[in-house]
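Subject: A structure for you to explore

Hello,

I am passing a structure on to you, with some notes to read beside it. Please keep the viewer open and look up each residue as you go.

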Amino acid sequence: MRTAVYPGSFDPVTFGHVDIIERASKLFDTLIVAAMVNREKMPVFSVEERILMLKKVTAHFDNVKVVKFDGLLADFARENGADTIIKGLRAISDFEYEFQMAMVNKKLNRSLDTVFLMTGEKYMYLSSRVVKAVGSFGGDLSEFVPQEIAGEVAEKLLSRRK
Ligand code: PNS
């Protein structure tokens, strides 16, 4: 049984993330989507909100679990029986940082490898930051986040401006 972990802030989850989840779920027996509590980044959505949204948009994948994580990813992977980290790469500019993180994670957990999946070409431009920027001005989010969560994402982002 191969288990992989797909970690991130998911603040909020986008179509780009769902595309990576769908493709990674076909490569592994179990995929754990791990939402980072993230003390450094001051997320807009609480970790509970991010997890609920992730659960809604991944409900149709049988082998995907969504969990919260806080601490080192290398430890989380070990504790959860995962030997692979999944990361999405949008552009070469993502690579340098991700390459460094992959090496740090390998130093901390020798049995852990990082597998990079290229972001689907439809989603190269898309990030949670773009969603937050557009949503904060009341822009249409239908191209960016799944319909199941579009209403709550739009409402929260607009309410923060008031
Ligand atoms: O979606 P993001 O914000 O790019 O995700 C970043 C994340 C959560 C994958 C990264 O910050 C992370 O792995 N955090 C856990 C702490 C850790 O293990 N850091 C690596 C050693 S410095």
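**Starting with the helices**

Helix α6 covers residues 147-161, and at 1.5 Å a residue its 15 residues should span 21 Å; the C-alpha atoms at its ends are 22 Å apart, which agrees. Please keep in mind that this is a predicted model.

Which residues of α6 are buried? They are Ile-149, Ala-150, Val-153 and Leu-157. Around the axis they cover an arc of only 120°, so they sit on the same side of α6. The buried residues of α6 pack against α2 (47-58) and α5 (128-136).

Now turn to α5, where Ser-128, Val-131, Gly-135 and Ser-136 are buried. Looking down the axis of α5, you will find its buried residues within an arc of 115°, so they line one face of the helix. They pack against α1 (15-27) and α6. Just after α5 comes Gly-138, with a positive phi of about 75°.

Helix α4 (residues 92-108) is another one to check for length. Its 17 residues reach 25 Å from the first C-alpha to the last, close to the 24 Å expected at 1.5 Å a residue. The buried residues in α4 are Asp-94, Glu-98, Ala-102 and Asn-105, and they pack against α3 (73-79), β4 (84-89) and β5 (113-118).

Next, please look at the loop between β1 (3-8) and α1, where you will find Pro-12 and Phe-10. As background, most residues other than glycine have a negative phi, and most peptide bonds are trans. Phe-10 has a positive phi of about 50° although it is not a glycine. The peptide bond that joins Asp-11 and Pro-12 is cis, with omega at about 0°.

Is Phe-10 buried or exposed? Its relative accessible area is 2%, and residues under 20% count as buried, so Phe-10 is buried.

His-17 belongs to helix α1. This residue is buried too, with a relative accessible area of 16%. A polar atom of the His-17 side chain lies 2.9 Å from the backbone nitrogen of Thr-14. Leaving aside neighbours within four places in sequence, His-17 is in contact with Tyr-6, Phe-10, Pro-12 and Ser-128.

**Around the ligand**

How many residues surround the ligand? There are 13, and the closest are Gly-8, Ser-9, Lys-41, Gly-71 and Leu-73. Ser-9 has a polar side-chain atom 2.5 Å from an oxygen atom of the ligand. For Leu-73, a backbone N or O atom lies 2.8 Å from an oxygen atom of the ligand.

**Aromatic rings**

Rings count as a pair if their centres lie within 6.5 Å, and by this rule there are 6 aromatic pairs. In one of them, the ring centres of Phe-69 and Phe-76 are 5.2 Å apart and the planes are at 50°, so the pair is tilted. Phe-69 and Phe-76 are both buried. Elsewhere, ring pairs link Phe-95, Phe-99 and Phe-116 into a cluster.

Enjoy exploring, and write back with any questions.

Best wishes

Key. Residues numbered from 1 in each chain as written. Predicted model: local features only at pLDDT ≥ 70, side-chain atom pairs only at ≥ 80, totals over all residues. Heavy atoms only, no water. Phe/Tyr/Trp six-rings, centres within 6.5 Å; stacked < 30°, edge-to-face > 60°. Buried < 20%, exposed > 50% of the residue type's maximum accessible area, 1.4 Å probe, protein only. Helix = DSSP H or I, 4+ residues; strand = E, 2+ residues; numbered from the N terminus. Expected span 1.5 Å × (residues − 1). Arc of directions from axis to C-beta. Contact = heavy atoms within 4.5 Å. Near = heavy atom within 4 Å. Polar contact = N/O pair within 3.5 Å; in protein donor to acceptor, adjacent residues only side chain to side chain.
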